[in-house]
Structure formats: structure tokens, C-alpha cells
Amino acid sequence: VDERKKLIATLRGKPWPMRKKLPTLRESQVFVEKYEGALGKGRGRRLYAYKVMMRKKWMKFQRDFENFKTACIPWEMKIKEIESHFGSSVASYFLFLRWMYGINMILFSLTFGLVMVPEALMARPYGSIPRKTVPREEQANAMDFAVLWDFGGYAKYSVLFYGYYNNQRAIGWLKFRMPLSYFLVGVGTVAYSYMVVIRTMARNAKEDGGGDDTSFNFSWKIFTSWDYLIGNTETADNKFASITTSFKEAIVEEQESRKDDNIHLTRFLRVLANFLVLCCLAGSGYLIYFVVRRSQKFALEGLDNYGWWERNEVNMVMSLLGMFCPMLFDVISTLENYHPRIALQWQLGRIFALFLGNLYTFIIALMDQINLKRAEEEKVKFNMTIWQANLYNGTLPENSTAIPIMVDPADVPRGPCWETMVGQEFVRLIISDTMTTYITLLIGDFLRAVLVRFLNHCWCWDLEYGFPSYSEFDVSGNVLGLIFNQGMIWMGAFYAPCLPALNLLRLHVSMYLQCWAVMCCNVPQERVFKASGSNNFYMAMLLVILFLSTLPAIYTIVSIPPSFDCGPFSGKSRMFDVIQETLETDFPAWFGKVFSYASNPGLVLPFLLLMVLAIYYLHSTSKTYKHANLELKKKLQAVIFSLHLKTGRDSAVRTASGSSFHHLGASTENILDARLPSVIHEAVTAFT
């Protein structure tokens, strides 16, 4: 038994062929398992058998539990199926979509559990105060489908929007602090999003390892180019062609790096392409600003006098620009003659700039609309003073004990509530973008696939390999659309608590609809890219959008006074005053002083400066370590090169192991001749 155990431990290092190693290993394992327990007698033998049985059961339980955990992961099998047919590049989008679904699940739980449910269960009911009642002039059509689809009527005066919430400091028998909870949930969702995105980026960077892909370029291509998750013949053929093309491209890049013919024409075309892209970006920004100002004009004149297009013009124009401008950028990019990877990066950057410019143009136009609402609010305050004077006829003395006049909340004048207006705009934008995406998916992918499939046999050319052919899944465009949709959620969730719930529903439907579309209507890409290099790129864009999305919300919270008669912060000069009020009321006096000292700019600014210096020091240290690693790598390569220059080894070692090395070398040569992909032969044949 001991000899067999020793053989099992040292079998890997023996110079035996695999056809001899495997039977020997199985025979030794069976022998040890059969006779090791027999060495014991009586109780020891039974105890050993019991231990062996329990160990096997424990191993089986661990394996079954791992399978159970894998089965419990949402959509894991569906994503694996897509991964086997289309490779890891297409599956990376669905993994990112599932990750975003998890983020929005947490955001929805916080908003729904700490804001919407307490207001609905413990606060004053609908119709008790003016801010929770539909005005009299709107009640006639408050339940119309067109009004509810536009999130007006009863939808506007509900827990879905900011204006419905009362400024009562404590509600219900639990004395729930609603204004404080509303503010802290808004801040907490943003802080949680920052933490999760940065943590995911750090984990991806740790898993990537930071290898150098410039050294031994062709060796990496030979041994690491294949995507072993592919399980479809068509995708495997495309991957084979992609690897062959990558070798050709590497040789062409080496040749093209030494050429500079027509450099002036190339520069002119690239400058022209960038000028055309800038014109498109400027035109899209001006168009959005124009339609937003036009919608303000329609709102002042009354939306009842206009049709569906005028009421949804802003949302539809932004959705159409997001759909057609990337196609135009793709056409313009043909002038630049970039490498496909560089062209893809430029395309992503331009779409990113388009979405970001459109979003911020929309925000700037909304700020103008907020200023108009605030000017209108001053007039409403003056009119409410006159209304109250007329209500009491100006004759009620100050010390009168008469019964106050009861007025129905629907008849009380109220302000415009710019916060609810901002929330409505973001909800409409999300709904219109979702509808445009689904309609584009059904028309652009499903109907296109149906036409190609059923008209191919009776058409005058091959529709599958010619025009229009089956569509490919646009990974970059779909990921960018997902990122900017999430940016709108972060930007508008403070004024519309229903946005995380709507986005959760959108992501849930998108997972099933796009999984069905990619399996039924799309074909594998001609160039199958691995997804490992794009994880942190997508996360970096998501982090930038998160930062840029929180800036407008922070500006409105800090700089713009809240509306006087709607929302949980009405009656305060700024929204963040609820923190100071809580510190003064619910905490000891010394705690408020400590907080005021800690928030003093004299302490905050030096702390921020210290953080910047620490980040600079860590960055410099990281660069130093990276440079040291590079120098060590160069020295190692020099040592290896010097070893290759030696003509032979010690004669005694060569004599003792010459036959074994000769046999091993011959076996290795045969394996390489049998296994070496024909990719290299095709690449060499094409360029010799």
C-alpha cells in the first residue's frame, strides 16, 4: 500500500507516455482504496470505512451544492447558451446586463422600502391635503389613458413623484422621519453605486493581472487566441478565420508602420471626418435645445391644444438621434482608414460624446424650465395671499374664535412644483427610449430575419450573404445604451422615486427579449473578440457617467431652493437643511458642534488636499514598481537570450540523458506537427 501511495505521488514526474500513466494511476488508486482499510482490525476497520464513506458523501454534497449555487444564479444557463453560440464577446453584454440588474435591485429595495412604502402606509392619505389631491380643473380627464401615459393626472399626484411627499417631520405611530429618510436614501443610492462600480473595477484589474501583450506577440496569438467557450460550428469557423486574419493583420501592421505614403491625404480625410462628427454633435445638441424650448412654449399655451407628437417631441427626438447618429458615425469612419480596433474605440468615444452631449443639453434646457417655474412660483405666492384674503373677506380679526372656513384641497391654488416636472421629464425619457429600443429590435432584427429567411429562395441574389443579410449583435452600442440609461436613472431618481422600479422592469424584459432576439435573429460576428479586455473599459465609462449624472442632482440640491408647497423639503431654504434640523433636534448639542466643526471648509479643504497628495504618492509608487518590473523583465529576457547562445551543455549530462531527451524531443516534434494550427501556414502562405 505504501509503495502504491508513493507511486501515485510521483507518477506525474515519471517520463512515461500518457497511455501508461493513466492505467497505472487507476490501478493504484483502486488498490489503495480496497486494501488500505483492510489493514485495520475490528473497530478500527469499521471506523476507517465510516470515514471513507463520510468523506465521499461530503465531496458529493460539495459538488451538488456548487451545482445548486450555479443553478440559482439568474439566467446563468441562458447566458451560457449564448456564450457557446456567439462567444464570450456577446455574452459579456448579458453579463453586464445581469450585473446592472443586481445594482438596480438594491436601489429599488432602498427606495421602495424606505421612501415609497412608509409614505403610502403611514403618511396622510390621498385627498387630505392639496399636494396629494388632483386639482379641480384636472379631475375630469385625470384617468384618461393619454394623460396617465404622459404621467399626469392621478399618476402625478402619487408616491411615484417628489411632489406627493409631505414635509411632516415624523409620520405614523413609528414616528418615521420621512424628510430625513428621503434625503439619506438619495445620497445612499449614489454612494452605494460608487462603491460597487469602483470595487468591481478593482476586482477586474486584479483578475486581468496586467500582463504585457507586446512581448512574444505571435506566441500569444498561437497558444491563447482560441475561445474554448465556443460550442457552435459556425462560430468556430468564424473564430478560425478571425485568428488567421489576426496573423495577417500583425504582419500588415509591421509593414505599414514603415510606410508613410499618402500621409497628407490620410490626415486630411481624418480631419474632415472629425469635422463632420463635430457638426453632427453640434447639430444634435442644438436640435434638442430647440425642441425643449419649443416644448416650453407648448406648455405655456396648454398641451391640450396639441397632439401626441408635440407632447412627446423631446423624448422622441432624443431617441431618434441616439438611433441614427451612430449609423452616421459608422459611415464617416470609413474616411479615416484606421485599424479596426482603433476605429471601434473612436466609434465608442463618439457615441459616448453624442449621448453625453444630448443628456447635458437636455439638462441645460431643463434648468431654463426650472427658472421659469420658479418665476411662476413667486406669482403663485402673491395670488395665494390675495385668495386667502378674499376667502375670509378681509374681515376676520386676529383673535377671532370663529370656525375656520373649510376648503376642499382640490380647490386650493398651488405652485408649479419644478421637482415633479423634472421627475416627469426623466420618466418620459426612459419610457420613450425603452419603446424605441424594443421597436428597433423587432423591426431591425426580427422582420429583417424573417424577410431574409423566407424571401431568399425567390430573390434574384443571395439575401443571406449579400444585402441585407442577417444582422449581427452590436455589443458596443447596446452596452453604451445600457450605460446612459442607467445614468438617467441616477440623475432623476431623487425627483422620481419610481425610476429604479421602472428600470428594473426594463432590464428584466430586455434580458428575455434580447436573449430571444440574439438566438433567433442574429448571426455570430465575423470577428469574434474576447471580452476580457473590455470589462474595465465598460466600467470606466459607467463610472464617468455616474460622476457626470450626480453633478446636476447635487447642484439642484445645494443651490436651488425647494418648492414652497410640495415635496418633503418644502418650507426650507435648501434641501440639505434637513440634516441640520435633525442634528439640532434629535442629537445632543455637543454632537451638533462637532459636526459643524468637521464640516468647516477650513478642515475639509486640507483633508481633500491630503487625499490628493496621497493619491499622487501612490500613483508615483505604482509607476516606480512598474518600471522596476519592466527592467527585471528585460534582464530576464537577456539571460534567456544568452543561454540560447551557448552551443552545448556538459558532456556528462548529455551522455546520461541523451537518449531520453532524444525520445522526448521526437515526441514533442510529432505532437507539434500534429497539433499546430493551420492558421500559421495560411498566414505565411499569404505573405510569402
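Reply: One term to start with: a contact means heavy atoms within 4.5 Å. In the chain, residues 24 or more positions apart account for 77% of the contacts with a separation of 6 or more. Keep in mind that this is a predicted model.

Me: OK. How many helices and strands are there in the chain?
Reply: The chain has 21 helices and two strands.

Me: And what share of the residues is buried?
Reply: Of the 688 residues in the chain, 36% are buried. The accessible surface comes to about 42,000 Å². Carbon and sulfur atoms own 64% of that surface.

Me: What does the confidence look like?
Reply: The average pLDDT of the chain is 78. A score of at least 70 is reached by 81% of the residues.

Me: Where is confidence lowest, and where is it highest?
Reply: Helix 20, residues 651-675, is the lowest, with a mean of 43. Helix 15, residues 499-520, is the highest, at 92. Also note residues 655-688, where pLDDT stays under 50. For that stretch the model has 19 contacts beyond four places in sequence.

Me: Let's go inside. How many residues are in the largest nonpolar core?
Reply: It has 100 residues. Those with the most contacts inside it are Phe94, Phe96, Trp99, Phe362, Phe426 and Leu542. Helix 4, residues 76-122, gives the most to this core, with 16 residues.

Me: Why would nonpolar side chains group like that?
Reply: In soluble globular proteins, nonpolar side chains tend to be buried together.

Me: Take Phe362. What is it in contact with?
Reply: Leave aside its neighbours within four places in sequence. Phe362 is then in contact with Ile288, Val292, Val314, Met318, Glu425, Phe426 and Leu429. Phe426 is also on the list of core residues with the most contacts.

Me: Now the outside. Which residues form the nonpolar patch on the surface?
Reply: Phe145, Trp149, Met435, Ile439, Leu442, Ile443, Phe446, Leu447 and Trp516 form it. Together they have about 870 Å² of accessible area.

Me: Which helix gives the most to that patch?
Reply: Helix 13 does, with six residues. Helix 13 spans 418-455. Helix 5, at 145-149, also supplies at least two.

Me: Is Phe145 buried or exposed?
Reply: Phe145 is exposed, because its relative accessibility is 65% and the cut-off for exposed is over 50%. Phe145 sits in helix 5.

Me: Switching to charges. How many salt bridges does the structure hold?
Reply: Twelve. One of them joins the side chains of Arg428 and Asp150, at 3.2 Å from N to O. That pair links distant parts of the chain, 278 residues apart. Arg428 is in helix 13, while Asp150 is in the loop between helix 5 and helix 6.

Me: Are those two buried or exposed?
Reply: Arg428 is buried, with a relative accessible area of 14%. Asp150 is buried as well, at 10%. Both labels follow because buried means under 20%.

Me: What about Asp433: which residue does it form a salt bridge with?
Reply: Arg506, with the closest N and O atoms 3.3 Å apart. This pair also links distant parts of the chain: Asp433 is in helix 13 and Arg506 in helix 15, 73 residues apart. Asp433 is partly exposed, at 21% relative accessible area. Arg506 is buried, at 9%.

Me: Which residues are linked in a network of salt bridges?
Reply: Arg169, Arg177, Lys572, Glu581 and Asp586. Within it, the side chains of Glu581 and Lys572 meet at 3.4 Å, N to O. Glu581 counts as partly exposed, at 27% relative accessibility. Lys572 counts as buried, at 18%.

Me: Why can such charged side chains pair at all?
Reply: Side chains of opposite charge can pair when their charged atoms come close.

Me: Last one. Where is Pro413?
Reply: Pro413 is in the loop between helix 12, residues 340-391, and helix 13. Pro413 is partly exposed, with a relative accessible area of 28%.

Me: What does Pro413 touch?
Reply: Met384 and Trp387, not counting residues up to four places away in sequence. The C-alpha atoms of Pro413 and Pro135 are separated by 8.3 Å. Along the chain, those two prolines are 278 residues apart.

How values were computed: Residues are numbered from 1 along each chain as its sequence is written. This is a predicted model: local features need pLDDT of at least 70, side-chain atom pairs count only at pLDDT 80 or more; totals for chains, interfaces and linings use all residues. Side-chain values use heavy atoms; hydrogens and water are left out. A nonpolar core is a set of buried Ala, Val, Leu, Ile, Met, Phe, Trp, Tyr and Cys residues joined through side-chain atoms within 4.5 Å. Buried means under 20% relative accessible area, exposed over 50%, partly exposed in between (1.4 Å probe, protein chains only). Helices (H or I, at least four residues) and strands (E, at least two) are DSSP runs, numbered from the N terminus. Patches are made of residues with over 30% relative accessible area and no salt bridge: like charges are joined within 9 Å, nonpolar side chains (Val, Leu, Ile, Met, Phe, Trp, Tyr) within 5 Å. Accessible areas come from the Shrake-Rupley method with a 1.4 Å probe; for residues, only the protein chains shown count as cover. A salt bridge is a side-chain nitrogen of Lys or Arg within 4 Å of a carboxyl oxygen of Asp or Glu. pLDDT is the predictor's confidence in each residue, from 0 to 100.
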